[in-house]
Amino acid sequence: MSPITMTLVADDLIRQALREDITYEDVSTAAVCPGPRQATVDLIAKEDGVIAGLPIFERTFQLLDPGARVDARVADGDEVRTGQLLAEVSGDARALLSGERVALNYLQRMSGIATATRRVARVLASTGTRLVDTRKTCPNMRVFEREAVRAGGGGNHRYNLSSAVMLKDNHIDAAGGVAAAVRAARATAPFTCTIEVECETLDMVREAIQAGADIIMLDNMGREEMREAVAIVGGRALTEASGNMDEGRVREIADLGVDFISSGALTHSAGILDLSMKHLRLRDA
């Protein structure tokens, strides 16, 4: 994540999360640390997986204590093992204690997504097909979850509704058909926007190609129907396979030659990676 994105987007979201957890004071920490005390605590993996979100983890503590630092032994995208020391976190003990849960929530969630993405991305490693995410993200978590997908070896679909035109079934119904929807998009959307059409049948694929769509989404098609659709497109547009794309389904269609496979499961169904902060040590006791 770039410094600009961190400052303009991530900082506000992290502050909201901290405010949710500390409405006016962390009464537990205030009891045991009424004043500033420098401390160090270990970040430890409690299961195998792929780490993602270390800059967000560090930034959470820095918003409470600008002098806080994470001395990381690993980097985003690295595979970690149970019991491994991942980092030492140093700073004001009050910030370490008060920020612990929010920081871990981000890191565990992002690492879980990276771990799930890595498993599926490996299936496509020897193909020309790219794995991408979707907009099926938790509210106010998209910037973090998409970063995690990249750390796991995947790519990103459009960021939001302003990024590109995607004509789904209800858009097509509203316009009166595939061709009419594409014409309307060409007439009104910025010329920099690509136009993608969700196609559920081979006839829709033919109509979308004839209308000049840039990307054809093959939605919930069977393997052989998808193979035929790729042949119909014939390189005149990019192709994207979508619809219940879990690891098993990706294996089933990995050799069909689609350009992209989009999977909402990377974000909406990924678990967390279990991590822990342990062994806090006061440095100026």
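**Notes on a predicted protein model**

1. Let's start with the overall make-up: the protein has eleven helices and twelve strands. Helices (H or I, at least four residues) and strands (E, at least two) are DSSP runs, numbered from the N terminus. Along the principal axes, the C-alpha trace spans about 75 × 40 × 25 Å.

2. A word on the ground rules. This is a predicted model, in which local features need pLDDT of at least 70, side-chain atom pairs count only at pLDDT 80 or more, and totals for chains, interfaces and linings use all residues. Residues are numbered from 1 along each chain as its sequence is written, and side-chain values use heavy atoms, with hydrogens and water left out.

3. How much of the protein is buried? Of its 285 residues, 50% count as buried. Here buried means under 20% relative accessible area, exposed means over 50%, and partly exposed is in between (1.4 Å probe, protein chains only). The protein exposes about 13600 Å², and carbon and sulfur atoms supply 50% of that. These accessible areas come from the Shrake-Rupley method with a 1.4 Å probe; for residues, only the protein chains shown count as cover.

4. Now contacts, meaning heavy atoms within 4.5 Å. Among contacts with a separation of 6 or more, residues 24 or more positions apart account for 70%.

5. On charge, the protein has 33 positive and 41 negative side chains, and the centres of the two sets lie 2 Å apart. Lys and Arg count as positive, Asp and Glu as negative, while His and the chain ends are not counted. The place of a charge is taken as NZ of Lys, CZ of Arg, CG of Asp or CD of Glu.

6. How many salt bridges does a search of the whole structure find? It finds 21. A salt bridge here is a side-chain nitrogen of Lys or Arg within 4 Å of a carboxyl oxygen of Asp or Glu.

7. One of them is worth a look: arginine 281 pairs with aspartate 42, with the closest N and O atoms 3.1 Å apart. Arginine 281 is in strand 12 (residues 275-282) and aspartate 42 in strand 1 (residues 38-45), so this pair ties together parts that are 239 residues apart in sequence. Arginine 281 is partly exposed at 33% relative accessible area, whereas aspartate 42 is buried at 11%. Both also belong to a network of salt bridges that links Asp42, Asp71, Arg73, Glu88 and Arg281.

8. Next, helix 5. Arginine 146 forms a salt bridge with aspartate 133, the closest N and O atoms being 3.5 Å apart. Arginine 146 sits in helix 5 and aspartate 133 in the loop between strand 6 and helix 5, so the pair ties together parts 13 residues apart in sequence. Are these two partners buried or exposed? Arginine 146 is buried, with a relative accessible area of 5%, and aspartate 133 is buried too, at 0%.

9. Glutamate 147 is buried at 18% relative accessible area. Which residues does glutamate 147 touch, leaving aside neighbours within four places in sequence? Met1 and Met110 are its contacts. Arginine 150 is partly exposed, at 43%. Its C-alpha atom and that of alanine 17, 133 residues apart along the chain, are separated by 23 Å.

10. Aspartate 255 lies in the loop between helix 10 (247-253) and strand 11 (260-262), and arginine 223 in helix 9, so the pair ties together parts 32 residues apart in sequence. Aspartate 255 is exposed, at 53% relative accessibility, while arginine 223 is partly exposed at 23%.

11. Two loop asparagines have positive phi. Asparagine 140, in the loop between strand 6 (130-132) and helix 5, has phi near 65° though it is a residue other than glycine. Asparagine 140 is exposed, at 54% relative accessible area. Asparagine 220 has phi of about 55° and lies in the loop between strand 9 (215-219) and helix 9 (223-233). Asparagine 220 is partly exposed, at 47%.

12. Last, the surface: Val32, Leu97, Leu280 and Leu282 make a nonpolar patch of about 320 Å². Patches are made of residues with over 30% relative accessible area and no salt bridge; like charges are joined within 9 Å, and nonpolar side chains (Val, Leu, Ile, Met, Phe, Trp, Tyr) within 5 Å. Valine 32 is found in helix 2 (residues 27-32) and counts as exposed at 59% relative accessibility.
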